[in-house]
Amino acid sequence: MIRRTRALAAAIAAAVLLAAGALVTVAPLAIAIAVLAVILVAAGGAGAAWLRGWPARRLYLAAAWSLPMLAVWLAATAVSGHTPGGAVRNAWLAVRHHDLLAVAIQLVPVAVPAGLALAGLAWSWRLAAMAAGAGGRSPGAAVAFDRRQWRHQVRAARARIAVPGAVPLLTARGDFVAGAVIRAVGHPASQLTRLPASRLRAHQLVIGGTGTGKSTLLLRLWAGFMAAGLTRHAAGLAGPPVLVVLDCKGGADARRIADRARRVLHESGARNVAVWPDEARLSLWELPVRELVTTLVDLIEHGTGGAAYYTDVMEAVVALAVEAPCGPPASTADFLARLDAGWLALAYGEHLASPAARQVPDVALRFRTLFRRLGPGLDGPGSLADADVWYCILEGTAEVRVAEAQARALVDLLASYVTAAPAGQVLLAVDEFSAVSRRLPIWQLYERARSLGLAVQVSAQSWHGLAARDDDRYRLAATAEGGIWLLRTPHPDPVVALAGQRTVTDSARQLTGRLRWSRSGTSRLQAAPVADPDLVRGLDVGQAAYIYRGGATFTQVKRLVAGPAALGRQAPIATAATTASDRHDRPAGPPDVSARPDVSVLPDVSVLLDAAFGPAPGGRA
Amino acid sequence: MRLLSGHGPCCDGEVNSAAANAALVFTAEMYGLQLDQLAVLLGGTSRQARSLVTRWAGSGLAETATLGPGPPWVWLTRAGLRACGARYAAAPPALARLAHIRAVTAVRLALDTVPAYRDGGAHWRSERHLRGRVRIGARDHLPDAEVHWPDESGLAWAGECWAIEAELTAKTVARTTAIMRELLSRTGDYGCPAAQSRVPGEPPRHARAVYLCSPAATGTVLRARDALGAGRIEIRSLPASAYLAAPS
């Protein structure tokens, strides 16, 4: 390989010398000028490829796209009765008359495609030599070259996403665009990271630490899902898309992201974005009776071993309360009222047998405590069908156990909703999954969800945040058939290993002196990871590696610009009184008219302002 | 805040120390002010104002110069700012902002004339103060001032915080609307963590925004308010004293 690259370099140098020599003595001057023009274009093309970090394919494509120009030129020459050689002679005459414009017009149709093709050849040779470790003065030159090319590629990708309109959310074919490609390994080397929209309806995994741009990527994925889903729905191919986001972090940051998500998703077509539990509620009591019993029992954490007996007792009592002849409970208060031995005896017309009767007060106590901690968010009214997007904020940082129970209930509600309407497109996105992973066996949902049209997207800060056990983590990662998004994380190795390996040429060069290497040596084939873990560790904010089917595409994610923030209310939002149906009456998209404060609530300050500044110009609106 | 009225006698036409100190703090907060505005602030004559500035300059607390048309400007030196307990950078008022600074000062002085403002204990929080709180590089739009009304003021609008904007020149309607929206949707104090600056569900920081406009800017601000549809924006004309003297 090394000897071959030296031969190629020598051949190109000889070509340049030949052209220069011909320019002076041997060949007709006009031909020499044409060759020189080709070399100049080739040098420019190769320089641009180096500067922008392009693959050689890009130069070949550019050469192919310039061929029509050559065809037109040949046709025009034939029509005018000239020959191509005559055109070159005309170019030489133009040189003698210092008419550079005429020179360019005469030579460009030939020099550009030929020069670009030559540049592609030279650049691919250079890339291959450096990838094999055979180029440069030292073995370390290949590493430095790769780092430099990475910087150039990042710069080019950033420039690309900065161009307004250059990175749409969906292409004309309906493909989702995540951003600009920095580098692709094992995937097509296009300019934009395009994914078929069907990938957004498949399970995906997103791993990235704090401050790496994970929220920006998630928002783009959600917006893409919503836009593509609405397009499919409009075409009659599927039911309306529903996005359920479980933000398991909670706190003010979650609310800030919820506000941004609302604005971004409005832009992508979502009419109603409900923020749970701040602004909207869901009703746990709409679950079918059997599922309601299971969900209620699962909401309470049970021990193992001997505690299984009490679990059975609790399930029996809950089943009695829920499956009473008068129908299932309609609210939390109704359910708690039924957890009474007297009520159950009246409902069933007979006395409860021991030991269940003795346990009813204890069961009631546990549920009273649970619902007090859960708050009113699950007490309705409201169902998942009431909004296009449900952004559910779980206080997984402050109240882990409450968040776990809420997540469990919300997932059960979603599973029930999907089962009832299997033709829909539903995406469940669980952000900061580690906060609730202990009691939310989401892989169970993975395995039965696809057939129901439910996709699950799990995101976590790290590999270890995905689940408590390694088996569960691998199960999640291995079933992410929509791909894995990997942002900067200190431990990417398990995910990178899932991406697979590729065969690369590794060359060893002979050391001939102090820091001097000869150009002779040996090469061997060896396996290297498709996604370089060191690159992943060094990713900047907004950069992600998309791993799919043994390939990796490093992407500069395009941030979605949300509409302006809705005006805040004068008084805190009356969440207790807000119902899903109320929310539906609001028009979609900012400015949210309903969010405007009621002017009549504000006291009139005209007295003060008129005294200081005079009356209002143009009257009061 | 007429500093001489009701604050004790002057000594041979000179401003007493309490009034002088209050004027010193006022000057620090407003970047600087012109002598005629200082005279209005003191409730005295222009000779008294000039005498006070001479005293300040002699003590190294302030500097004075004619920066533009009209009376000379006075601003505090580093020593003057330190005496006020302010940690602002000592610099003369920027030439490009002279008109704006004068307009904002005129707004503050106009409010001072209203008994409800004085008696209500309203607190003027200047742009310079707000700017000192935000981190470098923050892109928040700062109002020209905030007026905080204490809960105990007994006024109908007690407890409110107002954003004050003095508009001398017309921006575009879109830009003005964006600024109005930003002012009215903000929930956190200036300088707070970014996550707290706009928290959905939290009451807004500014109950209303008060725009004081020149005739040239009034139309744009009115259209921006109509475009926004927000009823929390009050629009009034700038006081006649808000404009720089025409260059001779």
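## Basis and conventions

The model is predicted: local features need pLDDT of at least 70, side-chain atom pairs count only at pLDDT 80 or more, and totals for chains, interfaces and linings use all residues. Residues are numbered from 1 along each chain as its sequence is written, while chains are lettered from A and ligands numbered from 1 in the order in which they are written.

## Confidence and composition of chain A

Within chain A, strand β13 (residues 551–557) has the highest confidence, at a mean of 95, and helix α21 (residues 580–584) the lowest, at 37. Over residues 568–600 of chain A, pLDDT stays under 50; the model has 70 contacts beyond four places in sequence for this stretch. Two residues are in contact if their C-beta atoms, placed from the backbone, lie within 7 Å.

Chain A contains 22 helices and 13 strands; these are DSSP runs numbered from the N terminus, helices being H or I of at least four residues and strands E of at least two. Of its 621 residues, 40% count as buried, a class requiring 20 or more other C-beta atoms within 10 Å of the residue's own, with C-beta atoms placed from the backbone. Among contacts in chain A with a separation of 6 or more, 74% join residues 24 or more positions apart.

## Two sheets in chain B

One open sheet of chain B has 3 strands in the order β1-β3-β2, with antiparallel pairing. Its edge strands, β1 (33–34) and β2 (62–65) of chain B, each pair on one side only; strands pair if DSSP finds at least two bridges between them. Strands β2(B) and β3 (residues 73–76) of chain B are joined in the antiparallel sense over 4 bridges, and E63(B) stands opposite W75(B) in β3(B).

Strands β6 (residues 161–167) and β7 (residues 208–213) of chain B pair in the parallel sense over 6 bridges, with I164(B) opposite V210(B) in β7(B). Axes are lines fitted to C-alpha atoms, for helices over the stretch in contact, and angles run from 0 to 180 degrees between N-to-C directions.

## A buried glycine in chain A

G213(A) lies in the loop between β3 (204–207) and α9 (214–234) of chain A. This residue counts as buried because it has 20 C-beta neighbours inside 10 Å. Leaving aside residues up to four places away in sequence, G213(A) touches L487(A), V541(A), G542(A) and V557(A). The C-alpha atoms of G213(A) and L487(A) are 7.7 Å apart, although 274 residues separate the two in sequence.

## The α3–α6 helix pair of chain A

The axes of α3 (residues 56–65) and α6 (residues 100–131) of chain A come within 8 Å and cross at roughly 170 degrees. The two helices, α3(A) and α6(A), are therefore roughly antiparallel, a term for angles over 145 degrees. Contact residues in α3(A) include L59(A) and Y60(A), and those in α6(A) include L116(A) and W123(A). The residues of this contact divide into 11 nonpolar, 2 polar and no charged. Nonpolar covers Ala, Val, Leu, Ile, Met, Phe, Trp, Tyr, Cys and Pro; charged covers Asp, Glu, Lys and Arg; the others, Gly among them, count as polar.

Definitions and conventions
pLDDT is the predictor's confidence in each residue, from 0 to 100. A residue is buried if 20 or more other C-beta atoms lie within 10 Å of its own, exposed if 12 or fewer, and partly exposed in between; C-beta atoms are placed from the backbone. Angles under 35 degrees count as roughly parallel, over 145 as roughly antiparallel, 65 to 115 as roughly perpendicular and the rest as oblique.
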